Amino acid sequence: MNLIDVTKQFGTQEACVNYMEALRWPEGVTCLQCDSPKVTRLKTNDTMRKRLNPDTGEIEFKRVPGRFVYQCQNPECGHQFSVTTGTIFHDTHLELGKWFLAVALMVNAKKGLSALQMKRDLKVAYKTAWYLNHRIRKAMELVEAADGEKLAGTVEADETYIGGKYDARRKRARYDKEPVFGVVSRDGKARTYHLSGKPTLKGVVEKIKDNVAITADAIYTDESNFYGTTAGCIKNHNHQTVNHSAKEWVRGDVHTGTIDGYWGLLKRGVIGSFHQISIKHLHRYLSEFQFRWNNREAESMFMLVMAALVIGEAIPYAQLIGKLDAYGFLGDAGTEAE
């Protein structure tokens, strides 16, 4: 769906709620507390709230639209909830119409959409746009995680490194970049991973074993030592290489042009749209580009993301900005967002 479609179909709060309700409860709304089907939908009254205009410094009043809430009619329960309760939308103060526009913008942005651009498009604060973008990326990540089908046909494997040009003024060492490994099936899907630490032959082969079907026709790689023919599952496939160091890019049907093109798209997004990305969120950016690549011919990209937003669990802001511990996990308290 493009912006015109979204604006026409979801122009009101009620239309947005109806769509999300159908996604979350296709067989009818049930209470989140007691699972009772006896639920009534209510609409609260519009209210006004004070806010400080960050540009003028003046106090102004802003209209807060009424909310659609559900009331359980079970006398032993009486639980009240909304269509966003317990979802990735949870605790959002942004109107649903802008959420829908944000999803449409991100699924149609081939090279990604920065938080600054989202801020300008939706006319929201940068912090809101940044948090919004990462929650949508989380939904894309959930869609990709649900697809457990292994790659078949002709598969290309390669690794790349994410990081800008060396600058002596920065903390990063000259060759200290983040390794990313990927496998791409020609005319098919991609799987990409952020590898913590230095890539190893064992780690790369394990990723191939987890993502490439044993019945795949062939695996093509470059001459890197990460793809030794005597290791793991590669020896069980028709594994052939091209020698890039000798400027051999293609030999008959053997080449890695498909995955090289994928890396090019990813890096153009990083350089052109995001400029820089945090290591702790790199896996989520990889999921975003992987989602768009894998669903590039699907007509349901918008619905897939919306369904994942409704089904997925909430991501607290404190968790997103938390520091990485020694094991690579995010804590609940941390620094300001990038």
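Predicted model: local features only at pLDDT ≥ 70, side-chain atom pairs only at ≥ 80, totals over all residues.
Residues are numbered from 1 along each chain as its sequence is written, and local features need pLDDT of at least 70, side-chain atom pairs count only at pLDDT 80 or more, and totals for chains, interfaces and linings use all residues. Side-chain values use heavy atoms, leaving out hydrogens and water.

Start by selecting β1 (39–43) and β5 (80–81), the edge strands, each pairing on one side only. They belong to an open, antiparallel sheet of three strands in the order β1-β4-β5. Strands (E, at least two residues) and helices (H or I, at least four) are DSSP runs, numbered from the N terminus; two strands pair if DSSP finds at least two bridges between them. Next pick β4 (residues 68–72), joined to β1 by five bridges. Here Phe-68 of β4 stands opposite Lys-43.

**The loop.** Now go to Ser-36, in the loop between α2 and β1. Is Ser-36 buried or exposed? Ser-36 is buried, at 12% relative accessible area (buried is under 20%, exposed over 50%, partly exposed in between, with a 1.4 Å probe and protein chains only). Beyond neighbours within four places in sequence, the contacts of Ser-36 (heavy atoms within 4.5 Å) include Val-29, Thr-30 and Cys-72.

**The cysteines.** Select Cys-72, which is buried at 3%. Finish at Cys-16, buried at 0% relative accessibility.
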